[in-house]
Amino acid sequence: MILIFDYFETIALTKVMDFNLGLKPLWEKYYKDKCTFEEISAFGEELYVKLQEFHKKGLEYAFVKDELPEYALKYGGDVINMTVEEEAEFLMLCNVMENMPYIPEALEEFNKMGIPMYVLSNSGFTAEALAILLERLGIRKYFKQIWSSADYGKVKPSRDFFEMAIEHALSDNPAEKRENIIFVGDTYNTDVKGANDAGIDVIWINHKDEKNTDNLSVHTIRNTSELVGVVKMMMKDRKDIFNLPDEFTI
């Protein structure tokens, strides 16, 4: 078995999300003499609309690569050369985050079971920046690799994005097969549809009590406390695929 996780609201819970909390220190350092904070904040809202338009086309609008040059073009000066540590700090200023409930315990259980784990995220921030946040949360050690749409250029439910992750995971684990991969995510339109289109199993953490409007193949749970149980149940039901011993129990 291979587990690939979504990032936001699947393994990491966003307690506060406010882009201006990150933008204000950036403005004070680079643009205070060029515009008011209200002006740059309004421009940030314009760029957010632009990001949404990119997502509708299945494309990512990366913060460092795509967005930062827009501020230099608008207000003058050099494009900000942000390090990955600075990018991660900006991310953490904008998003106050903590581990999803029961996730550290679930990851530890899966690790003991020898299940390789990965992360596939829609994010304007690079995989390196996302990894720093997971390190702060104490769970980076569980994942063999993290992939972000900021690096790839396409967002879930893109088949290409899923296929890239699947190919890498199978290359890392040559004894595994495609049918042994399970994607874990919380968003119907990106995670459930994307995983189904890629032909892999999906566990849907349906926090918002959404409807499976397309009647897609999915294992639905209501919260992360059920995750370990459903994974073990899937393994028990499919001993022939996962090559489990007869004495395997939940």
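Predicted model: local features only at pLDDT ≥ 70, side-chain atom pairs only at ≥ 80, totals over all residues.
Visitor: Are helix H1 and helix H2 parallel, perpendicular or oblique to each other?

Guide: Helices here are DSSP runs (H or I, at least four residues; strands are E, at least two), numbered from the N terminus. The axes, lines fitted to C-alpha atoms over the stretch in contact with angles running from 0 to 180 degrees between N-to-C directions, come within 10 Å for H1 (residues 19–30) and H2 (residues 37–56) and cross at roughly 130 degrees. Angles under 35 degrees count as roughly parallel, over 145 as roughly antiparallel and 65 to 115 as roughly perpendicular, with the rest oblique, and therefore H1 is oblique to H2.

Visitor: How do the residues of the contact of H1 with H2 divide into nonpolar, polar and charged?

Guide: With contact taken as heavy atoms within 4.5 Å, H1 contributes Asn20, Leu23, Lys24 and Trp27, and H2 contributes Phe37, Ile40 and Ser41. Ala, Val, Leu, Ile, Met, Phe, Trp, Tyr, Cys and Pro count as nonpolar, Asp, Glu, Lys and Arg as charged, and the others, Gly among them, as polar. The contact residues accordingly divide into four nonpolar, two polar and one charged.

Visitor: How many residues apart in sequence are the parts tied together by Arg136 and Glu89?

Guide: A salt bridge is a side-chain nitrogen of Lys or Arg within 4 Å of a carboxyl oxygen of Asp or Glu, and Arg136 forms one with Glu89, their closest N and O atoms being 4.0 Å apart. Because Arg136 lies in helix H6 (residues 127–137) and Glu89 in helix H4 (residues 84–94), the parts that this pair ties together are 47 residues apart in sequence.

Visitor: Is Lys193, which forms a salt bridge with Asp214, buried, partly exposed or exposed?

Guide: The closest N and O atoms of Lys193 and Asp214 are 3.4 Å apart, and Lys193 lies in helix H9 (residues 188–197), with Asp214 in the loop between strand E7 (201–205) and strand E8 (219–221). Buried means under 20% relative accessible area, exposed over 50%, and partly exposed in between (1.4 Å probe, protein chains only). Since its relative accessible area is 31%, Lys193 is partly exposed.

Definitions and conventions:
Residues numbered from 1 in each chain as written. Heavy atoms only, no water.
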